[in-house]
Amino acid sequence: MAQERIAAARNRAAELRRELDEHNYRYYVLDAPSVPDAEYDRLMRELVELETRHPELVTTESPTQRVGAEPLAAFTEVEHLEPMLSLGNAFDAQEVHDFDRRLRELLDVVEIDYVTEPKLDGLAVSLTYHDGRLTVAATRGDGRRGEEVTQNVRTIRGIPLRLRGDVPPLLEVRGEVFMTRSGFVEYNRQAEARGEKPFVNPRNAAAGSLRQLDPVVTAQRPLNFCAYGVGRVDAELPGRHSEVLQRLRDWGLPSSGEVEVVCGSDGCLAYHAAMLERRDALDFDIDGVVYKVDRRDWQTELGQVARAPRWAIAHKFPAQEELTRLLDVDFQVGRTGVLTPVARLEPVFVGGVTVTNATLHNMDEIARKDVRIGDTVSVRRAGDVIPEIVGVVAERRDGGERAVELPPACPVCGSALVRDEEASAVRCSGGLYCPAQRKQAIRHFASRLAMDIEGLGDKLVDQLVDAGLVASVADLYRLDVEALAGLERMGEKSAQNLVAALERSKATTLPRFLFALGIREVGESTARALATQFGDLPALREADVEALQQVPDVGPVVAQHVAAFFAESHNREVIEALRALGVRWQSHEPRPAADADAPLAGSSVVLTGTLEAMPRTEAKARLQALGAKVAGSVSKKTAFVIAGSEAGSKLAKATELGVEVLDEADFLERLAIWERD
């Protein structure tokens, strides 16, 4: 009976893998998804549960295994089976005509068909498949050797871990890892909401993501892949490059949907003009187009010169840069409090529009580029991307230029500024008070895991702030039915419900209140640890950086953020107003910080799955209070894994490594003993 169940599980797992691979193929290669995302997620959850119950069924090609490797100490160097050649460039029509003429003369033919495609602005990589299985992925490097990034590439869902159909014993694929514009914008939006540093542009985002030492970080980035050619192949391939691209698609590898076969230099130039016109409407950055001789036997005959093939060339787009003068620099305060220097420019026509402002990103960027007010600067604009200053023409300086200096305080609210060295950012410390951060602070304060004010959604927050009814989170508790009922789409009954919800939210807990304050890098777990350590707000408010660092999960950076927040008078005023308006919680005796004699001192513990008795954030805080380090991945150094329901690949990894696994009942039993001791 048991054998039958295992056989049934094995068959179902294989069926789920085939179905998920098919959905990935339809989504990334055919651009024709056959099921909604929710159905894909359901199938993935079913496979995770099957593999968790039967770890022996896990395979390296399973869709569940895209993330799970340990972080690397450093990248290793690998040699490409065939060199990754770079391309020569053409910058105008005459150079394209000359390129076509040279090839026709060398081949002694009347005309040549070319494969044309966009030149993606990403990071070139090489993928090696043995018997259809992805074994090695590497960056271009110097063309002969590159950095191995296999574990990171495995996290990119558009790259198949196993190819489809009848595949060669050995296949080396060349392509580009890139980030779409829409993916880039959404990732930056989420990063800023988390208080993290946003990326400058999609290319930097793709390159930086692929070179993360921790593949878990790479997996969180919206990376894509486009195959454009092959290196070494142990099999006979079709006679035309356009047919090779189709063969790659048949094997499950995505290639560009913008590929066309054209005749001669006139066909190439027509394609270039069409792509240039469409450039800004595309969802990915391109800096030109590529022309390749279609016939592969002609490619072989033409060969290469230096490190570039004779049979291909990149036709670059006109530069979207112009020179102008930097008149002044203002500082804007974003919704997370970050100050962004904005250049005020003499009007200049760039990329189809007149530009008067450009971003300078941060003070480190200003120092790196040595930008000074009065400089002649090069300004770049690409599509809808915010214009930026690329560099300075130092030769045009006359001595009248002056350095860019930070304002002495927040230009919006006058609060003190805090330098975030790690993120190269300067922030306003008046998070609860600053008008620039007002809407974001209120949304966070009212969220479910904070004060949990039911009915206070984003649109209503916008209305309250725009109508002048709420200037800080304390003003929420001054709202009455009459004021609310006058808002658009807010009747008297809805107003009564919101006032009642506000009243209910006044009775809270100290961890929730601390989390609601929106202190930088203080999440639920850290808020709980702070509350446990200090017992009540006055003791926490007066704690110095050294005392704060005694709290589990609080390092020097977080300690500085907490101390700076409570040192700002505007924040203290808002907190006092909240207390005066009835916000309250039950205080308790502070718990001493865990020391070397704590029950779990020095132990690495991993949480996975869902716990019924408490949120995982609470479990994490309690483990940390006992001296444990709560890690995100399982290794041989892990002391034990706590596995709740629907535990995933971490449980399978623990089983594989022989790490002790506690179910929830075992964990609660031991937790009671540890905390009692």
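Q: Which helix does Asn152 lie in?
A: In this predicted model, Asn152 is part of helix H4, which spans residues 150–153.

Q: Is Asn152 buried or exposed?
A: Asn152 counts as buried, because its relative accessibility is 2% and the cut-off for buried is under 20%.

Q: And what is Asn152 in contact with, leaving aside its neighbours within four places in sequence?
A: With those neighbours set aside, the contacts of Asn152 are Phe75, Ser209, Leu210, Arg211, Gln212, Asp214, Pro215 and Thr218.

Q: Let us change topic to the sheets. What is the order of the four strands in the open sheet with parallel pairing?
A: The order is E24-E23-E25-E26.

Q: Which strands stand at the edges there, and why is one side of each left without a neighbour?
A: The edges are formed by strand E24 (629–631) and strand E26 (660–663). Each has a single partner strand, so one side of each has no neighbour in the sheet.

Q: By how many degrees are neighbouring strands of this sheet turned against each other?
A: The average is 30 degrees, with direction ignored.

Q: What about E23: how many of its residues are buried?
A: Five of the five residues in E23 are buried, so the strand is described as mostly covered.

Q: Which way do the residues of E23 point?
A: Ser604, Val606 and Thr608 point one way from E23, while Val605 and Leu607 point the other way. In general, side chains in a regular strand alternate between the two faces of the sheet.

Q: How many bridges pair E23 and E24?
A: Three bridges pair these two strands in the parallel sense. One of the residues involved is Val605, whose bridge partner in E24 is Val630. The chain passes from E23 to E24 through helix H22 (residues 616–625), and this β-α-β crossover is right-handed.

Q: And how many join E23 to E25?
A: Five bridges join E23 to E25, and the two strands run parallel. The bridge partner of Ser604 in E25 is Thr638.

Q: Then how many bridges join E25 to E26?
A: Strand E25 (residues 638–643) is joined to E26 by four bridges, again with the strands parallel. Val641 has Val661 in E26 as its bridge partner.

Q: Which strands does helix H24 touch?
A: Helix H24 (residues 664–676) packs on the sheet and touches E25 and E26. The direction of H24 makes about 95 degrees with that of E26.

Q: Where does helix H23 lie?
A: Helix H23 (residues 649–657) lies across E23 (604–608), E25 and E26, and runs at about 135 degrees to E23.

Q: Which residues of H23 are buried?
A: They are Leu651, Ala652 and Ala654. These residues cover an arc of only 160 degrees around the axis, and therefore they are on the same side of H23.

Q: What comes just after H23?
A: Gly658 does, and this residue takes a positive phi of about 75 degrees.

Q: Now the open sheet of five strands. What is its order?
A: The order is E2-E13-E10-E3-E9, and the pairing is mixed. Strand E2 (88–90) and strand E9 (260–263) are the edge strands, each pairing on one side only.

Q: In which sense do E3 and E10 pair?
A: Strand E3 (residues 113–120) and strand E10 (residues 286–293) pair in the antiparallel sense, over six bridges. Val115 has Lys292 in E10 as its bridge partner.

Q: Which strands does helix H8 touch?
A: Helix H8 (residues 241–250) packs on the sheet and touches E3, E9 and E10.

Terms used: Residues are numbered from 1 along each chain as its sequence is written. This is a predicted model: local features need pLDDT of at least 70, side-chain atom pairs count only at pLDDT 80 or more; totals for chains, interfaces and linings use all residues. Side-chain values use heavy atoms; hydrogens and water are left out. Two strands pair if DSSP finds at least two bridges between them. Axes are lines fitted to C-alpha atoms, for helices over the stretch in contact, and angles run from 0 to 180 degrees between N-to-C directions. Contact means heavy atoms within 4.5 Å. Buried means under 20% relative accessible area, exposed over 50%, partly exposed in between (1.4 Å probe, protein chains only). The arc is that of the directions from the helix axis to the C-beta atoms. A crossover is right-handed if, with the strands pointing away from the viewer, the path from the first strand over the helix to the second runs clockwise.
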